[in-house]
Amino acid sequence: MFNVPVNAPLRFLSLPSAQSLEAKLRDSSDSELLWDILQKTVKHPVCVKHPPSVKYARCFLSELIKKQEAVHTEPLDELYEALAETLMAKESTQGHRSYLLPSGGSVTLSESTAIISHGTTGLVTWDAALYLAEWAKNPAAFTHRTVLELGSGADHTGLAICNMCRPRAYIFSDCHSWVLEQLQGIVLLNGLSLEADITTNLDSPRVTVAQLDWDVVTVHQLSAFQPDVVIAADVLYCLEAIVSLVRVLRRLAACREHKRAPEVYMAFTVRNPERCQLFTTELGWAGIRWDVEPRHDQKLFPYEEHLEMAMLNLTL
């Protein structure tokens, strides 16, 4: 009946609006609607296997009960039992966030419940990563190609691309050791192998998790990756990061002397227009041309709809 993203924040459930949901609850003569919602969220097999944070599950179920009680529909015992389980469960600093993909598969992330954890913001999923993954639903840019992701973080984008687009190889990269450790676990959690043999399994990309410090990485080190495509999402978080990122892009342009430079796609949320302007100015000084990719209308994953998203196609 409904297409509900597993573990999606409540405000993004692909259900009717809160007002419409209450109206449907009033019109329902039994608890079938609530049962259906429960089965497609906290009781979904993916959610049971990889549960979200206790705090999220508790808030979700409490809100759903409030909607039910507001219209005095028949109570659903399973709903109250599920809430009781969360009330008795121990809080954790980690939680899972899962997304259903159009291919029928799913992506599961292990995230920190804090925005900043272990000195980095790389352990949470940012909106531009979801936006970029939606754009990647058209696999032409990635199929049978080697993809290098800069500042991978949690990482939803790479897992979605590996699942939907069949790249030849995918390199997740970050500079924080704790993020890299988490990334390795997430890759394995999603059924990918860090030593996949593409000669025996053509559907499995060769996956690498690499430490890449933008300030010290050399042209020689970047050349070893031999990327056809370079992507990044929400990495324009400060002046220092922008300067370091442009430095890496210049080195990428120099690392393939006799081959075509890789295609580069950068997605970001326009939270600070001045910072975005600084990035494009730095690109101009480095001799890197850029074009704005048309805004896509693929709405596959939940994120704030009012946010202004942008994606640039860079020519190195």
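User: Is the crossing of H10 and H11 right-handed or left-handed?
Analyst: In this predicted model, Leu239, Ile242, Val243, Leu245, Val246 and Leu249 of H10 meet Arg275, Leu278, Phe279, Glu282 and Leu283 of H11. The crossing of H10 and H11 is right-handed.

User: Are H10 and H11 roughly parallel or roughly antiparallel to each other?
Analyst: Helix H10 covers residues 239–254 and helix H11 residues 273–285, and their axes lie 10 Å apart at an angle of about 30°. Angles under 35 degrees count as roughly parallel. H10 and H11 are therefore roughly parallel.

User: How many disulfides are there?
Analyst: A disulfide needs two cysteine sulfur atoms within 2.5 Å. The count by this rule is 0 disulfides. Cysteine 165 is in none, as its nearest cysteine sulfur, that of cysteine 162, is 8.8 Å away.

User: Is cysteine 165 buried or exposed?
Analyst: The cut-off for buried is under 20% relative accessible area. Cysteine 165 has a relative accessible area of 1%, so cysteine 165 is buried.

User: Which residues touch the most other members of the largest nonpolar core?
Analyst: This core has 41 residues. Its largest share, 7 residues, comes from helix H6 (residues 127–135). A second, separate core has 29 residues, including Leu148 and Val235. In the largest core, the residues touching the most other members are Phe142, Phe172 and Ile231.

Definitions and conventions
Residues numbered from 1 in each chain as written. Predicted model: local features only at pLDDT ≥ 70, side-chain atom pairs only at ≥ 80, totals over all residues. Heavy atoms only, no water. Buried < 20%, exposed > 50% of the residue type's maximum accessible area, 1.4 Å probe, protein only. Core = buried A, V, L, I, M, F, W, Y, C linked by side-chain atoms within 4.5 Å. Helix = DSSP H or I, 4+ residues; strand = E, 2+ residues; numbered from the N terminus. Axes fitted to C-alpha atoms, helices over the stretch in contact; angles between N-to-C directions. Parallel < 35°, antiparallel > 145°, perpendicular 65-115°, else oblique. Left-handed = near helix turned anticlockwise from the far one by under 90°. Contact = heavy atoms within 4.5 Å.
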